[in-house]
Amino acid sequence: MSSIFTKIILGEIPCYKVAEDEHFIAFLDINPNAKGHTLCVPKKEINRIFDMEESHYLELMRFSRKVAKALEKTIPCDRIGISVIGLEVPHVHVHLIPINEMKDMTFQHKVKLSGEEMEALAKSIQESL
Ligand code: 5GP
């Protein structure tokens, strides 16, 4: 069965898209730790990041870095934190999280944004790419 992220990639369920190229997509996390929390996802569905082909893994990091730079320009924050977990969605994704404090990386402190705010945020990140 396809992962929820494959369904997003195929356009079967919506997302607030931030960036996309031939092999990767980035969209806002639906339950963000912080404003601008973004997921960078390879279109090829694979469960564990270190099972990726080395070149594909390095390309994911290059793509994530580009998105992180756009986040830095858009969201006032100390820095962009990076995390890979995958316990909830077994389809590789890099969490990019604009952080100011350690709690922003804990996945226990969440922020609520309206659909309109998410839409506007995704658009401004896209424009900073
Ligand atoms: P992990 O698998 O790394 O533990 O966490 C999965 C992440 O994906 C969570 O932060 C969760 O909020 C996010 N997520 C789960 N389902 C969806 C979805 O349908 N759309 C979006 N944009 N994010 C999702």
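## Strand pairing

Ala26 stands opposite Cys40 in S3. Strand S2 (residues 24-28) and strand S3 (residues 38-42) run antiparallel and are joined by five bridges. Strands here are DSSP runs of E with at least two residues; helices are runs of H or I with at least four, and numbering starts at the N terminus. Two strands count as paired if DSSP finds at least two bridges between them.

This is a predicted model: local features need pLDDT of at least 70, side-chain atom pairs count only at pLDDT 80 or more, and totals for chains, interfaces and linings use all residues. Residues are numbered from 1 along each chain as its sequence is written, and side-chain values use heavy atoms, without hydrogens and water.

## Sheet and helices

The sheet is open and has five strands, in the order S1-S2-S3-S5-S4. Its pairing is antiparallel. Strand S1 (17-20) and strand S4 (79-83) form the edges, each pairing on one side only. Neighbouring strands are turned by 20° against each other on average, direction ignored.

Helix H2 (residues 54-74) packs on the sheet. H2 touches S1, S2, S3, S4 and strand S5 (94-99); contact means heavy atoms within 4.5 Å. The direction of H2 makes about 155° with that of S3. Helix H3 (residues 115-127) also packs on the sheet, touching S1, S2 and S3. Its direction makes about 30° with that of S1. Axes are lines fitted to C-alpha atoms, for helices over the stretch in contact; angles run from 0 to 180 degrees between N-to-C directions.

## Ligand site

The ligand is surrounded by 16 residues (a heavy atom within 4 Å). The closest are Asp29, Gly86, Val89, His93 and His95.

A polar side-chain atom of Asp29 lies 2.5 Å from a ligand oxygen atom. Taken alone the ligand exposes 520 Å², and the protein buries 88% of that (Shrake-Rupley areas, 1.4 Å probe).

## Overall form

The protein has three helices and five strands. From the N terminus on, the elements run α-β-β-β-α-β-β-α. The radius of gyration, taken over C-alpha atoms, is 14 Å, close to the 14 Å from the globule rule for 129 residues, so the protein is as compact as a globular protein of that length. That rule is 2.2 Å times the number of residues to the power 0.38.

Methods
A polar contact is a pair of N or O atoms within 3.5 Å; within protein, one must be able to donate a hydrogen and the other to accept it, and residues adjacent in sequence count only if both atoms are side-chain atoms.
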